[in-house]
Amino acid sequence: MSQVLHLANARLVLSDRVITGQIVIIDGQIDMIEQGDDVPVGAVNCQGDYVMPGLVELHTDNLERHIEPRPKVDWPHLPALLAHDAELASTGITTVFDALRVGSIHSADSGYGAYARKLADELLDARAAGHFKISHFIHLRAEICSETLLEEMAAFGPKDRVGIVSLMDHTPGQRQFRDLTALKTYVMKKRGMNDVEFAEHVANLRTLQARFGEKHQTGAVAEARRYGAVLASHDDTTADQVRASAANGVGFAEFPTTREAAAACRAHGIAVMMGAPNLVRGGSHSGNVAARELAEAELLNIISSDYVPSALLLSAFQLAKLWNDLPAATACVTQNPAKAAGLNDRGKLLVGQRGDVIRVALVGDTPLLRGVWSQGKRVA
Ligand SMILES: [Fe+2]
């Protein structure tokens, strides 16, 4: 027997407009969308709530928070994966690219050992067994100025269906950490370093960049090609860096740190992603360009929840207010990220797309999630 979900009297957020109507999802796929306010027998009356595509998240560190809830506390991985999955479902995210770091630094206590391969196996097993509420893919965060990057990346291959490889260089004094004061506050607080230790830490990381930066960037680009993954840049700051990213075949830019870099991305046809917390808080916690400024200049295409899953939906409604355009703002958390990650089967309310939808009411300006469905199945 077919599994049917029928939502009626909803404000359906389509790609280009909002209509009042009904949507039918049969066996996991959108089967019918129709305008009008009637509520047929058996349909759910959404009472004018918004029904939107499920959110697509390309870069979240949230899984790390679950596997290491406190520094040095290694939580059992399967329960951590399940709790992370349920948390994302509860915020309206129906597709996630889980960021796993590849590349450890042994010489400069980075707080990281190699963990990505093992965790990826556990994630892929849980996915294959059907344990997840939402759709999960792997995003490898390639820390290019690290000692073990290429050996960790060599352990992955096309069968892992790695969706995204992002090229990261967090060497102090540039990109995300152009301003050393923000880094200093973060590192000294997180690792309890004093001034001398911090200076040594910075010197160590700069030595690593000189040794590995170029070679590992070339290697990581080749690995992404071997996997068939989309390549992302990270924290690009200058037009030159964006040019280099374009030459590497980057599809989207994570968190460009200046307006100059965002404008260069647009010139090269690279989609710009900014963090939802930056948009919600009205600025970047590292002192970089405000997502709001890029949004006002229409240099923003994708929003990522980054380190606060529930910020994704909230930021979409804030952006909708700023732009006075709910469909365009919704696209930044649905169809634009889906497209950037090469997923054509989701991100829009359109017949034939996956039946990933959310129902949202507004309390003042705050979105209140009333239901989340993944392939037509209720998951939150
Ligand atoms: Fe970064």
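Me: Which residues does I30 touch, not counting residues up to four places away in sequence?
Reply: This is a predicted model, in which local features need pLDDT of at least 70, side-chain atom pairs count only at pLDDT 80 or more, and totals for chains, interfaces and linings use all residues. Residues are numbered from 1 along each chain as its sequence is written. Contact is taken as C-beta atoms, placed from the backbone, within 7 Å. By that criterion, I30 touches I23, I25, L349, L350, V351, G352, Q353 and G355.

Me: Is I30 buried or exposed?
Reply: I30 belongs to strand β3 (residues 29–35); strands are DSSP runs of E, at least two residues, and helices are runs of H or I, at least four, numbered from the N terminus. A residue is buried if 20 or more other C-beta atoms lie within 10 Å of its own, exposed if 12 or fewer, and partly exposed in between. Because 23 other C-beta atoms lie within 10 Å, I30 is buried.

Me: Which element gives the most to the side of domain 1 that touches domain 2?
Reply: The chain is divided into domain 1 (1–53 + 347–380) and domain 2 (55–345), with bounds from an automatic or database domain assignment. In the contact, 21 residues of domain 1 meet 23 residues of domain 2. On the domain 1 side, β5 (50–53) and β15 (366–374) are the elements giving two or more residues. The one that gives the most, with 4 residues, is β15.

Me: How far apart are the C-alpha centres of domain 1 and domain 2?
Reply: Domain 1 consists of 1–53 + 347–380, and domain 2 of 55–345. The distance between their C-alpha centres is 30 Å.

Terms used: Contact = placed C-beta atoms within 7 Å.
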